[in-house]
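Here is a briefing on one model. Look over the sequence and the fold first, then read on.

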Amino acid sequence: TRLAPFDMLRWVCHHYGFGTFVHFVKGPLTSETHSESKKKLESLVNSYERSLIVDAMKDAKGNQSHAARLLGTTKRIIQYKVEKYGIDTRRFKAKKA
């Protein structure tokens, strides 16, 4: 079944849960198209999330509690994400003279 372009766009936005997220899909929606799109989205989100955490850790000089406050989340979430993305927090700590 082919969907009209607007219906296809609305389906993708609804399916991913993003009200303003725009993702254009050419051709009919198939499980392969959906799977590839989902993997690409997950990869982009993970990359962006990792870069936000790294930037916050730089600003916080390796202090996870401070980085969590900068990002508006909890220290526990930061700890989980640091482990998930393999971020070495020691590299952000200030060197003692």
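In helix 4, I78, K81, V82 and Y85 are buried, where buried means under 20% relative accessible area, exposed over 50%, and partly exposed in between (1.4 Å probe, protein chains only). They sit on the same side of helix 4, because they cover an arc of only 105° around the axis; the arc is that of the directions from the helix axis to the C-beta atoms. Helices (H or I, at least four residues) and strands (E, at least two) are DSSP runs, numbered from the N terminus.

This is a predicted model: local features need pLDDT of at least 70, side-chain atom pairs count only at pLDDT 80 or more, and totals for chains, interfaces and linings use all residues. Residues are numbered from 1 along each chain as its sequence is written, and side-chain values use heavy atoms, with hydrogens and water left out.

**Helix 4 and its end**

- The face of helix 4 turned away from its buried side carries the exposed residues R76 and E83.
- G86 follows helix 4 and has a positive phi, near 65°.

**Nonpolar core**

- The largest nonpolar core has 12 residues: I53, V54, A56, M57, A60, A67, A68, I78, V82, Y85, I87 and F92.
- A nonpolar core is a set of buried Ala, Val, Leu, Ile, Met, Phe, Trp, Tyr and Cys residues joined through side-chain atoms within 4.5 Å.
- At least two residues of this core come from each of helix 2, helix 3 and helix 4 (75-85).
- Helix 2 gives the most to this core, with four residues.
- I53 is in contact (heavy atoms within 4.5 Å) with L71, I78, K81, V82, Y85 and I87, leaving aside its neighbours within four places in sequence.

**Q64**

- Q64 lies in helix 3.
- With a relative accessible area of 17%, Q64 is buried.
- Not counting residues up to four places away in sequence, Q64 touches M57, K75, I78, Q79, V82 and T89.

**Salt bridges**

- The structure holds two salt bridges, each a side-chain nitrogen of Lys or Arg within 4 Å of a carboxyl oxygen of Asp or Glu.
- One joins the side chains of E49 and K81 (3.2 Å, N to O).
- E49 lies in helix 2 and K81 in helix 4, so this pair ties together parts that are 32 residues apart in sequence.
- E49 is partly exposed, with a relative accessible area of 23%, whereas K81 counts as buried at 16% relative accessibility.
- D88 forms a salt bridge with R90, and the closest N and O atoms are 3.0 Å apart.
- D88 is partly exposed, with a relative accessible area of 33%, while R90 is exposed, with 63%.

**Surface patch**

- Y48, L52, L70 and L71 form a nonpolar patch on the surface, with about 370 Å² of accessible area together.
- Helix 2 (31-59) and helix 3 (64-71) are the elements that give two or more residues to the nonpolar patch.
- Patches are made of residues with over 30% relative accessible area and no salt bridge: like charges are joined within 9 Å, nonpolar side chains (Val, Leu, Ile, Met, Phe, Trp, Tyr) within 5 Å.
- Accessible areas come from the Shrake-Rupley method with a 1.4 Å probe; for residues, only the protein chains shown count as cover.
- Y48 has its place in helix 2 and counts as exposed at 54% relative accessibility.

**Loop residue K61**

- K61 is found in the loop between helix 2 and helix 3.
- K61 is not a glycine, yet has a positive phi of about 50°.
- K61 is exposed, with a relative accessible area of 54%.
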